[in-house]
Amino acid sequence: MEIGTIISLALYFIAMLGIGLYAYKKSTSDVSGYMLGGRSLPPSVAALSAGASDMSGWILMGLPGAMFLTGFSSTWIAIGLVIGAWLNYLFVAPRLRVYTEYANDAITIPDYFANRFEDKGNALRIVSALVIIVFFTLYTSSGVVAGGKLFESSFGLSYESGLYITTSVVVLYTLFGGFLAVSLTDFVQGCIMFIALILVPLVTFSLLDNPLSQTLNELNPSMLTWVGSAGAVGIVSAMSWGLGYFGQPHIIVRFMSVRSVKDMPTARRIGMTWMIVAALGAVGTGLFGAAYAHEKGIVVDDAETIFLILSQLLFHPLIAGFLLAAILAAIMSTISSQLLVSSSSLTEDFYKIFVHREATDKELVLVGRISVLVVALAAIYLAYDRDSSILDLVSNAWAGFGAAFGPLVLISLFWSRMNFAGALAGMISGAVTVLVWIYGPFTYNGAPLSATLYEIVPGFIVATIAIFAVSLATKEPSKEITTLFNKVEKSLN
């Protein structure tokens, strides 16, 4: 590896650890500070943190790879994600920020569910916390696998060394700096990703010898069509990724941390600008990369490495190191967010409820740090299976969270009649529908259901129906819950 590339990466790792040290000194003395940054994040940090933790390596590897292989038909995924993120900022962000503070200062999503629906038996808290811990351990493992493969393919290290290097840096700044460290590093990582996703496609496009449409038509005429082989159903499946935003704990927790609901419009503008530019950059990287590789006769064995290939071919080693850091930033920002959300659930929703109800803030912060380490070790253990399908794992987890939590979060913020029974029915039915759609013995035209229609669609629909039907068929919420709901409405108006 070129010395310039090594220097760039070394500076990146030092910066991440430095931010963790700053955050450790700044706001980790109490559990709210460690888990939620004391609800004091400025809108710019919260918005870029949400974007960086959301996109992961998918925006730099997954989407460019899909565009490289199929062309314009994969753009519907990006369109669906942009629309979903915008609706999330518009409808969920302000209400969740206010509601979680009014609902006994809830600092985790299960904590919010328990307070919103008077979950005295902790059934909602337990089920939702289990979903978070199990899915996020697997989700985190997918990021660790990506880091291991990146170090192996690009830096000449062993796969196992890549696992430990990636995880160790993330664990260190998450372990000591908590939510503030995760959010600040996400902000820096988001900026790096933003620059990289402008730089790579623009330079690649400028080096094309022929018009893009001409080259893509020579490569494969189907790349110029907006409708893929799956037709309208394929477009619905691609765009339905946007439904997942309402139920992703590592994203919506950022809304809870903003210093004031008045900052939400600013956060929305910053977050959506970042996301639109990043999505366009990823789309351009895949399309322009396909054209460039065809013109220059470059063999690309793995389409998802096109960003990596272009970075190494077209740029000076120092800049190439910066672009590789962008991939690491995408991977690490999501891992850190998932580690912290899992740690929060283990601490607030298990340890505090079932082990030591009178635990001090100092004790809870210690348990939170231990939980970060435990989840990270579990993720590394799972990542030793090199045959793990990263894309399938992320897709399934996204659908699971989106169907189990999405309708629950969205409806709970707008419908005062929703009750505990409806919430529990919606969460369970959404998760079960997704699992049956993926793993059940059912097929359509000889293909698994998940290959025909993305599982989040039926899961979201079934959960929504269950919430309304069961809530209307059972006892109304208490007067206290209705009063709280009205209080939130009044503060927002």
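Leucine 11 is exposed, with a relative accessible area of 55%; exposed means over 50%, buried means under 20%, and partly exposed lies in between (1.4 Å probe, protein chains only). Leucine 11 lies in helix α1. Helices are DSSP runs of H or I with at least four residues, numbered from the N terminus.

Leu11 belongs to a nonpolar surface patch with Ile3, Ile6, Ile7, Ile14, Leu318 and Ile319, and together these residues have about 650 Å² of accessible area. The elements giving two or more residues to this patch are α1 (3-26) and α14 (317-355). The largest share, five residues, comes from α1. A patch takes residues with over 30% relative accessible area and no salt bridge, and nonpolar side chains (Val, Leu, Ile, Met, Phe, Trp, Tyr) are joined within 5 Å. Areas come from the Shrake-Rupley method with a 1.4 Å probe, and for residues only the protein chains shown count as cover.

## About the model

This is a predicted model, in which local features need pLDDT of at least 70 and side-chain atom pairs count only at pLDDT 80 or more, while totals for chains, interfaces and linings use all residues. Residues are numbered from 1 along each chain as its sequence is written, and side-chain values use heavy atoms, with hydrogens and water left out.

## Salt bridges

Side chains of opposite charge can pair when their charged atoms come close. A salt bridge here is a side-chain nitrogen of Lys or Arg within 4 Å of a carboxyl oxygen of Asp or Glu. The count comes to five salt bridges. One of them joins arginine 95 and glutamate 489, whose closest N and O atoms are 2.3 Å apart. Arginine 95 is in helix α5 and glutamate 489 in helix α20 (residues 479-492), so this pair ties together parts that are 394 residues apart in sequence. Both arginine 95 and glutamate 489 are buried.

Arginine 97 and glutamate 101 form another salt bridge, at 2.6 Å from N to O. They are four residues apart in helix α5, so about one helical turn separates them. Arginine 97 counts as buried because its relative accessibility is 5%, whereas glutamate 101, at 38%, counts as partly exposed. Aspartate 111 and arginine 125 also meet in a salt bridge, at 3.3 Å from N to O. This pair links helix α6 to helix α7 (residues 123-155), across 14 residues. Both aspartate 111 and arginine 125 are buried.

## Aromatic rings

Rings of Phe, Tyr and Trp (its six-membered ring) pair if their centres lie within 6.5 Å; planes under 30 degrees apart are stacked, over 60 edge-to-face, and the rest tilted. The count comes to 15 aromatic pairs. Tyrosine 99 and tyrosine 112 have ring centres 5.7 Å apart and planes at 75°, so their pair is edge-to-face. Tyrosine 99 lies in helix α5 (residues 75-102) and tyrosine 112 in helix α6 (residues 109-116), so the pair ties together parts 13 residues apart in sequence. Both tyrosine 99 and tyrosine 112 are buried.

Phenylalanine 401 and phenylalanine 405 form a tilted pair, with 5.9 Å between centres and 35° between planes. Both lie in helix α16 (residues 390-412), four residues apart. Phenylalanine 401 is buried at 0% relative accessibility, and phenylalanine 405 is buried at 1%. Ring pairs link Tyr99, Tyr112, Phe113, Phe401, Phe405 and Phe485 into a cluster.

Definitions and conventions: Patches are made of residues with over 30% relative accessible area and no salt bridge: like charges are joined within 9 Å, nonpolar side chains (Val, Leu, Ile, Met, Phe, Trp, Tyr) within 5 Å.
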